[in-house]
Amino acid sequence: MYFIIALFCLLQIIFVPIFIKSGWPKTKKSTLLIKMICSTVFVGFAAFNIYISGADFGGTYQRFILIALALGWVGDVFLTADPFLEGKSKEFKLAVNIVGACAFLAGHIFFIIAFFKKTKEIGAALGITFFVPLAVVLVALVLAKMLLKVKLSKLAVPVAIYALMIDVMFSAAFNLGISVGSWQSVLTLGVGTLLFVASDFSLGIKYFDDKRFNTLTVRSVYITAYYIAQMLIAASLLVIK
């Protein structure tokens, strides 16, 4: 069991850096193929963890987390498909990107539902361990945006809504991790979703200020944080049954 878990982790350690370098400074067809190895690993890791934990694949938490990770896989495909779309219209490329973004959005919603439902299932409440992290991260995101002087222009409202949603996802996960009461649950859920926030923020500043933040360092941060986040959330399936 431990050997296979280590193998999943080793695959990410090998292929994530290859993916980072492959897509710099420009995404290639091989970049998508390497990325999908990385993304398939976290989905496979989640399925394996459900199996060895003895939990039922039909359990609400297990099912919703697996669906959320699978939607992340779909989003990874569509948002890195540009090299395969050469010659296609701008409208078609936009539609592909929108499908990818919607898959990620749906994945976040499934994560949030999974965290809230499991919290209710174990008889825990949304208390200080939910609302304090929610407020702290929200303030931190706003301050970071102001300090970095990133302009959101016309997308300020949808970005604010998305930021609030990812913040709720983290706070719900952290609250669940604390409620379960083990360092493993806090690590896999709290740290995992916090890295998700860091990844999305890093990707966001790169998107909205390409001249300053489209660097290999920023790319390395958001990709590495993303895959560690997904692996940690997948690992929560070993802890929360």
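The questions and answers below concern a predicted model.

Student: How many residues does helix α4 have, and what distance does it reach from its first C-alpha to its last?
Tutor: Helix α4 runs over residues 90–121. At 1.5 Å a residue, a span of 46 Å is expected. The helix is close to that value: it has 32 residues and reaches 46 Å.

Student: Which residue just after α4 takes a positive phi?
Tutor: The place to look is just after the helix, where phi is about 80 degrees. The residue with this positive phi is G123.

Student: How far apart are the end C-alpha atoms of α7?
Tutor: α7 has 26 residues, and at 1.5 Å a residue they should span 38 Å. The distance in the model agrees with this, at 36 Å.

Student: Is F196 buried or exposed?
Tutor: F196 is found in helix α7. Buried means under 20% relative accessible area. F196 has a relative accessible area of 1%, so it counts as buried.

Student: Which elements do the buried residues of α7 pack against?
Tutor: The buried residues of α7 include L189, F196, V197 and I205. D200 is also one of them. They pack against α3, α4, α5, α6, α8 and α9.

Student: What covers the buried residues of α4?
Tutor: Among the buried residues of α4 are F104, H108, F111 and F115. What covers the buried residues of this helix includes α3, α6, α7 and α9.

Student: Which residues have the most contacts inside the largest nonpolar core?
Tutor: In soluble globular proteins, nonpolar side chains tend to be buried together. Here the largest nonpolar core has 56 residues. Those with the most contacts inside it are Y61, I65, F111 and F115.

Student: Which helix gives the most to this core?
Tutor: Several helices take part: α1, α2, α3, α4, α5, α6, α7 and α9 each supply at least two residues. With eleven residues, the helix that gives the most is α9.

Student: Which residues does I65 touch, not counting residues up to four places away in sequence?
Tutor: I65 is one of the residues with the most contacts inside the core. Its partners in contact are F111, A114, F115, I233 and L237.

Student: Which element gives the most to the lining of the largest cavity?
Tutor: About 30 Å³ of space lies in this cavity. Its lining is made up of A68, G72, F104, G107, H108, F111, F196 and Q230. α3 and α4 are the elements that give two or more residues to it. The most, four residues, comes from α4.

Student: How many nonpolar, polar and charged residues are in the lining of the second largest pocket?
Tutor: This pocket has a volume of about 400 Å³. Of the 18 residues that line it, the closest to its centre are C9, F45, M231, L232 and A235. The largest share of the lining, eight residues, comes from α9. By class, the lining has 14 nonpolar, four polar and no charged residues.

Technical notes. Residues numbered from 1 in each chain as written. Predicted model: local features only at pLDDT ≥ 70, side-chain atom pairs only at ≥ 80, totals over all residues. Heavy atoms only, no water. Expected span 1.5 Å × (residues − 1). Buried < 20%, exposed > 50% of the residue type's maximum accessible area, 1.4 Å probe, protein only. Contact = heavy atoms within 4.5 Å. Core = buried A, V, L, I, M, F, W, Y, C linked by side-chain atoms within 4.5 Å. 1 Å grid on protein atoms, 1.4 Å probe; cavity = no way out; pocket = protein on both sides within 12 Å on 5 of 7 lines; lining within 4 Å. Points joined across faces, edges and corners; volume = space filled by probe spheres on them. Nonpolar A, V, L, I, M, F, W, Y, C, P; charged D, E, K, R; others polar.
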